[in-house]
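Let's take a friendly look at how one chain is built and how it meets its partner. Have the view ready as you read.

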Amino acid sequence: MENMRDLYQEVILDHNKNPRNFRKMETPDGFAHGNNPLCGDQIDVYLNLKDGVVDDISFDGHGCAICTASASMMTLALKGKTEAEAHALFESFHHALTEDAPYPDDVPLGKLKVLTGVKEYPVRVKCATLAWHTFDAALKKLQGEISTE
Amino acid sequence: MNNTAQYDVVSIRNDFPILGKKIHGKPLVYLDNAASSQHPVQVINAVKEFYESGYSNIHRGVHQLSQDATRAYENARASVRGFIKADCVHEVVFTSGTTESINLVAQSYARPLLKIGDEILITHMEHHSNIVPWQIVCEQTGAVLKVVPISDAGELEMDRFAELMNERTKLVSVVHVSNALGTVNPVKKIVNMAHAQGIPVLVDGAQAIPHIPLDVQELDCDFYAFSGHKIYGPTGIGVLYGKEKLLNAMPPYQGGGDMILSVSFEGTTYNALPYKFEAGTPNIAGAIGLGAAIEYVQKIGLGAIAAHEHGLLEYATSELKRIDGLRIIGEAEQKAGLVSFVLDCVHPHDIGTMLDAEGVAIRTGHHCAQPVMERFKVPATARASFGMYNTFGEIDVLSEAIRKTIGMFS
């Protein structure tokens, strides 16, 4: 079970136990509800933009450790990013988890790298990407559900 | 418990080749039997031999192979009849599984009968496959789906069951053993209550069939549905038992070959039971595999298997209860075959991944029973389910793996 530390690194366990920006926003500019129908994970992402920059971002809901930690780390990574930067980071993160080819270096993943161990657990990739898909939907100010299916 | 003392689990395990497999370098501890059970060599060989030396289509061929295949297929039906103690073989309809069996009853029995305002009565602990077919038929007919509530222990509220049966109720469809909670429902009592008001009863036996000896005549249910792959047989084969009188009165479920006596463009005469409900080339190898599985179970003795599994259930329940932060979901007095649980600090999906690293295969999620999850206010559970080949030592491996998981996450 010790080899599970590659997946469940300390940083991930810490974000799971103490998720950052884990709160509801009353009047967000953007909001979306994310749902993984297979495992029941539910995430709401709230987003405030100021001059095209992510001024505030938060989430609530429930999910597994991978899902919760990914959502928490996502909020830290996205704060202060422009919409274009945020979208590029989403693309890069998604690429790192789903593609065999190395992700492009021009959008460094930084701390998000610890989540790339999920790639070895294909059924769990959706857990790590749920918050990001939800953010993407919120960014586009799409109302309604988004699914990672 | 004498059966348990004589029960030779080592020799049973030797019959199941997959149990020798290593997962992540650890011996496989297969505790996902409620999803699907593994197969003894007797079943694997029956299917293999059929394909190697006995294969042909059935019923229509005059050549030797076709006659042999037909005999093997019908022998499997006879094995099922004997196993469930049906009055006659033509009350045993082969389907693709429990799901198709229930859909068949919904569309062929219920749909022609239902009128606006009629009611179908199910319970809160049903698998989606005993909910959705009724929702579909209710949409088609204007009938209403009524649901019997369950208690905090995970038992049916029998008083409410009685209250919900009335002159509008056209069918009761109830699960024998809950796949999410392990509850064994008092189906005999339910059948008696329903019949007292002239209401027929379908029993979803998907989870019960490998654990509880069945006598459909004694139970007096009108329909009983189960799948081959939960009782050590192949996937894609299942059974609908139905009382002859009811099956005879029902229109066919699907049209095609084999379910007809004669076809012309002026009209078609349907075949007799059970062929009326077996349109198209059936899962011949699956039926033969199921027959072999039933023979295997009968050789060990379902009573002895049930006693062994009851011992496993009691041991697992007491061992898991000793783990701090673990809560068992479903604590009915009568349970069979499985323990559903949640941990305070670890989500079920993380439990599943962590246990897998120890070679322990369990199921995590909503178990296709989302209303049960909502009733117990959990998004998902972890579920360890037992089969005839599981051992007390494997329960220890499970407990230890759960403790390690908690250790890592807390």
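## Chain A and its partner

Chain A has 149 residues, for which a compact globule would have a radius of gyration near 15 Å; the value for chain A is 14 Å, which agrees. That radius is taken over C-alpha atoms, and the globule rule is 2.2 Å times the number of residues to the power 0.38. This is a predicted model, in which local features need pLDDT of at least 70 and side-chain atom pairs count only at pLDDT 80 or more, while totals for chains, interfaces and linings use all residues. Residues are numbered from 1 along each chain as its sequence is written, chains are lettered from A in the order in which they are written, and side-chain values use heavy atoms, leaving out hydrogens and water.

Here is chain A in brief:

| Feature of chain A | Value |
|---|---|
| C-alpha trace along its principal axes | about 45 × 35 × 25 Å |

Now for the meeting with chain B. The contact (heavy atoms within 4.5 Å) takes 21 residues from chain A and 18 residues from chain B. Between them the chains bury about 1500 Å², with 63% of it on carbon and sulfur atoms; this is accessible area (1.4 Å probe) lost on being put together, summed over both. On the chain A side, A:M1, A:Y8 and A:C39 lose the most area, together 39% of what that side buries.

Which residue forms a salt bridge with B:D350? A:R124 does, with the closest N and O atoms 2.8 Å apart. The rule (a side-chain nitrogen of Lys or Arg within 4 Å of a carboxyl oxygen of Asp or Glu) finds one salt bridge across this interface.

Methods. Buried area = accessible area lost by both parts, 1.4 Å probe.
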